[in-house]
Amino acid sequence: MQYSNMEQGIFLQRHNRFIAHVLLGGVETVVHVKNTGRCRELLPPGATVYCQKSEGPRRKTQYDLITVEKNGMLINMDSQAPNRAAQEWLSRGGLGPLEALRSETVHEDSRFDFSFRKDGKPCFLEVKGVTLEDRGICAFPDAPTDRGTKHLKGLIRAVAAGFGGYVLFVLQMERAISLRPNAVTDPVFARTLRQAAQAGVQVLAVNCRVTADSMEILDFVPVDLR
């Protein structure tokens, strides 16, 4: 996936979950943060960031904060990017041949990111974007997520009913060694993820090639459920 109209800047401060101040072209500019997570480790004052300029006349802010540089590594922090990258990856055979690939599919009380048929079996797949990283070890979530736990329980029920179930963690960086559940931040999600794996839900993680203006899924990385 590719972005256009990107400009490099210097992060100054985050006013709230949605708004940050960035120095762009020497001018302090209010930008929209496309990630409502905490992201404290990604956005220290002085961090190099990349923002997308929009020409939308009805927008309150002209720029979206997309990519940040951390310890020489680029991390995409756009919360919409993992689904877009996953759709491209699935379409080009990331999980092998698929039929009837669709986005946003409702099953019982859950809305899953994707549905498809694989080897004749109907399947659901939920995508989770990951930006929290320490020395190559990625963790999810970076804040408690009741919604994430609900999706896992929905996948468990779907598998019990005869569907295929997948959760795909998209690590929005390249130098990722592995993915683990963040049991300190959200022990309920971590416990439910282990239960999902035991129930037959496929728990997968992939890293991404990230540039200032693009993100593309590269390959699988190990998932540590201990």
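Helices (H or I, at least four residues) and strands (E, at least two) are DSSP runs, numbered from the N terminus. I keep that beside me, as I am working on a predicted model, where local features need pLDDT of at least 70, side-chain atom pairs count only at pLDDT 80 or more, and totals for chains, interfaces and linings use all residues. Residues are numbered from 1 along each chain as its sequence is written, and side-chain values use heavy atoms, with hydrogens and water left out.

**Entry 1: Leu179**

I looked up Leu179 and found it in strand β13 (residues 178–181). Is Leu179 buried or exposed? Leu179 is buried, because its relative accessible area is 0% (buried means under 20%, exposed over 50%, partly exposed in between; 1.4 Å probe, protein chains only). I also checked Pro222: its C-alpha atom is 6.5 Å from that of Leu179, although 43 residues separate the two along the chain.

**Entry 2: the largest pocket**

My pocket search ran on a 1 Å grid over the protein atoms alone; a pocket is an open set of points where a 1.4 Å probe fits, with protein on both sides within 12 Å along at least five of seven lines, and lining residues have an atom within 4 Å of a point. The largest pocket holds about 760 Å³ of space, the volume being what is filled by probe spheres set on the points, which are joined across faces, edges and corners. I find 31 residues in its lining, with Thr36, Ser79, Gly129, Phe140 and Arg147 nearest the centre. Elements giving two or more residues to this lining are α1 (81–91), β8 (110–118), β9 (121–130), β11 (137–140) and α2 (146–160). Of these, β9 gives the most, with five residues.

**Entry 3: salt bridges**

I searched the whole structure and got 10 salt bridges (a side-chain nitrogen of Lys or Arg within 4 Å of a carboxyl oxygen of Asp or Glu). Which residue does Glu108 pair with? Glu108 forms a salt bridge with Arg157, the closest N and O atoms being 3.1 Å apart. This pair links distant parts of the chain, with Glu108 in the loop between β7 (99–107) and β8, and Arg157 in helix α2, 49 residues apart. Arg157 also meets Asp109 in a salt bridge, at 2.6 Å from N to O. Here too distant parts are linked: Asp109 sits in the loop between β7 and β8, 48 residues from Arg157. Glu108 is exposed, because its relative accessible area is 53%, whereas Arg157 is partly exposed at 34%. Asp109, at 48%, counts as partly exposed.
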